[in-house]
Amino acid sequence: MCDVATVQKIANCLGVKPGKVQLNEEQVVTRTSAQNKTVAGFATILESLARESKSETAQNSTASREVQAQVYQWIEFAVLYVSPGSKDKHVAKQLLNDFNKLFINKSYLVGHFITLADLAVYYAIYDLVKSLSPLDKENYLNLSRWFDHLQQRPDIHQGEQLLNFTTIYLHNWAQGTHV
Amino acid sequence: MSTGTLYTYPENFRAYKALIAAQYSGAKVKVAENFTFGETNKSEQFLKKFPSGKVPAFETADGKYLSESNAIAYFLATEQLRGGKCPFVQAQVQQWISFADNEIVPVSCAWVFPLLGILPQQKNSTAKQDAELVLQQLNKKLIDATYLAGERITLADIVVFSSLLHLFESVLEPSVRSAYPSLTRWFLTILNQPQVQAVLKDYKLCEKALVFDPKKYAEFQAKNKTGAAAQPAKPKEEKKPKEKKEPAPKKEKEPAEELDAADEALALEPKSKDPFDSLPKGTFNFDDFKRVYSNEEEAKSIPYFFEKFDAENYSIWLGEYKYNEELSKVFMSCNLITGMFQRLDKMRKQAFASVCLFGEDNNSTISGIWVWRGQELAFPLSPDWQIDYEVYDWKKLDAKSEETKKLVTQYFSWAGADKEGRKFNQGKIFK
């Protein structure tokens, strides 16, 4: 997921020109900005994007040093675990469970507002969520709520087809399964 | 950008709606200084601007006047808070604002205000159960929605949030909150928005639910009366009873709970009608009899019963369990009886019963003497009461006959044996 396309998408979310994004010879993603400065590595690139952006999301992500550190932690987590992990059936299940639990009492990953952490994890877990059957989504109600909330925002879905979460009220007759 | 002056007493949850909305839009709102509830808003000058004399009330910099908290919040909000460009989301915002006013505020007042000593405790109040229903609805909505309307914070969230502040502060202690995880998640998200934090600086979630303290209410009433006589109700004076419990930050708390007439009416409105209301009210007073029965020997209370009993409007019944042969352990049979009593809870006011278990394990019978208002079987009056009564055979007794007197005496004094001679084992009183 630490690929070129994701960086471009997140740059769009933040309303920043992505500049030249490519993989270098060691397959590490790099970004060359309009000022001709090159940074390498997913987390570093995201940080540079946030610094250039005036968007609400970027501001939220740098609200305090504590928030900044937590955001950084989630970005690393997305790169190191979410992205590779979602390709393995067993690890993926664990990931979904963990996120679902986390979102029982949180609306967003960091603080109480949308940050880069949400964006990074959103794009990292997108394919996995897309592969879920409606019944699976029932089992991850809290994760589904968070995901659906993000995908509804035009700056985030960026014209991609929205995943369907409408069967979610099936839980009316399957009460208790989501806890 | 709008500017103006907001009139309110401190920590008024209705004023919070406007103040939070203003934080989002950046509107400059000055809270009127030297506002004294009951004085400022009753002054001629104030009434000329705001005929209702209610707060919060808003005066724009160019001399226009707005009352009603939701309208003020709407005026001060941004387009996004009003629901954005989509008419459907705008309508949803209105829907939740009405929900807050019609569903949340009445039950919240009815539950919390008696605990704060502002209203008398209602006997058999259903406020708590009513509030639980509303909270369940909200929790359900928020399982799969981050915010109430659309995908952004709107006035719907701000208004519903403000209406829930009392509940989350006074009665929803952690163990109770845990029944509403999604609602709590949403509440915390709203509470921790920087714009909300800027308005609610010292707000703390409930650690331990308040319990009713009759002394507090008496003190509040006393203060209120003297205050009203000397100078028109000055809420500042009502601070004292609370301060004992909640120190510094809560100081200005009392005026916030000052009810306006509408709230008071809402809070006092009975939530569900008593099904017995349709029947004529006789002279027999259940409360009096129950008091005598609990405090006196049967030798006194049973004659008292027959002396006061009003056979015209009340009736005595013998209820016998149909499936005695299925009864096994005594404690299980007792649970059967108390379970039925619990399900008939709302009948208590207009009924009395003594139900006895005769015999021992695997050889026992249940039967009881029931008294209630009306001449017919009372259970069909309410759908809530129809769970158990069909497993009993009901026989109406002639209140005048000697036989009935004997039966009543036996059951009320928990003595004797059933028809087959099984000895009295345990009795339960429904009162």
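**View 1. Confidence across chain B of the predicted model.** Chain B has a mean pLDDT of 84, with 88% of its residues reaching 70 or more; pLDDT is the predictor's confidence in each residue, from 0 to 100. Over residues 227–258 of chain B the pLDDT is below 50, and this stretch has 52 contacts in the model beyond near neighbours in sequence, two residues being in contact if their C-beta atoms, placed from the backbone, lie within 7 Å. Residues 261–271 of chain B also have pLDDT below 50, with eleven contacts beyond near neighbours in sequence. Where pLDDT is low, the predicted coordinates should not be read in detail. The model scores ipTM 0.83 and pTM 0.64. Because this is a predicted model, local features need pLDDT of at least 70 and side-chain atom pairs count only at pLDDT 80 or more, whereas totals for chains, interfaces and linings use all residues. Residues are numbered from 1 along each chain as its sequence is written, while chains are lettered from A and ligands numbered from 1 in the order in which they are written.

View 2. Chain B has 17 helices and nine strands, which are DSSP runs numbered from the N terminus (helices: H or I, at least four residues; strands: E, at least two). Of the 431 residues of chain B, 33% count as buried, a residue being buried if 20 or more other C-beta atoms lie within 10 Å of its own, exposed if 12 or fewer, and partly exposed in between, with C-beta atoms placed from the backbone. Among the contacts in chain B with a separation of 6 or more, 74% are between residues 24 or more positions apart. The contact between the chains takes twelve residues from chain A and twelve residues from chain B. By class, the side of chain A that touches chain B has three nonpolar, six polar and three charged residues, where Ala, Val, Leu, Ile, Met, Phe, Trp, Tyr, Cys and Pro count as nonpolar, Asp, Glu, Lys and Arg as charged, and the others, Gly among them, as polar.

View 3. An open sheet of four strands has the order E2-E1-E3-E4 in chain B, with mixed pairing; two strands pair if DSSP finds at least two bridges between them. Strand E2 (28–31) and strand E4 (65–67) of chain B are the edge strands, each pairing on one side only. Neighbouring strands of this sheet are turned by 25 degrees against each other on average, direction ignored. Strand E3 (residues 57–60) of chain B pairs with E4(B) in the antiparallel sense over three bridges, and B:Phe58 stands opposite B:Leu66 in E4(B). Helix H1 (residues 13–25) of chain B packs on the sheet, touching strand E1 (3–7), E2 and E3 of chain B, and its direction makes about 145 degrees with that of E2(B). In helix H3 (residues 69–76) of chain B, the residues B:Ser69, B:Ile72, B:Ala73, B:Tyr74 and B:Leu76 are buried, and the buried residues of H3(B) pack against H1, E2, E3, E4 and H6 of chain B.

**View 4. Packing of helices H4 and H6 of chain B.** Helix H4 (residues 87–116) and helix H6 (residues 155–170) of chain B pack at an angle of about 10 degrees, with their axes 9 Å apart. That makes H4(B) roughly parallel to H6(B). Axes are lines fitted to C-alpha atoms, for helices over the stretch in contact, and angles run from 0 to 180 degrees between N-to-C directions; those under 35 degrees count as roughly parallel, over 145 as roughly antiparallel, 65 to 115 as roughly perpendicular and the rest as oblique. The contacting residues include B:Trp96, B:Phe99 and B:Ile104 of H4(B), and B:Val159, B:Leu164 and B:His166 of H6(B). By class, this contact of H4(B) with H6(B) has 16 nonpolar, five polar and no charged residues.

**View 5. The five-stranded sheet of chain B around strand E7.** Five strands of chain B form an open sheet in the order E8-E5-E7-E6-E9, with antiparallel pairing. Strand E8 (392–397) and strand E9 (424–430) of chain B stand at the edges, each with a single partner strand, so one side of each is left without a neighbour in the sheet. The twist averages 20 degrees from one strand to the next. Nine of the eleven residues of strand E7 (residues 363–373) of chain B are buried, so E7(B) is largely enclosed by the rest of the structure. Seven bridges join strand E5 (residues 314–321) of chain B to E7(B), where B:Trp372 is the bridge partner of B:Ser315. Strand E6 (residues 351–360) of chain B pairs with E7(B) over ten bridges in the antiparallel sense. Helix H16 (residues 330–343) of chain B lies across E6, E7 and E9 of chain B, running at about 15 degrees to E9(B).
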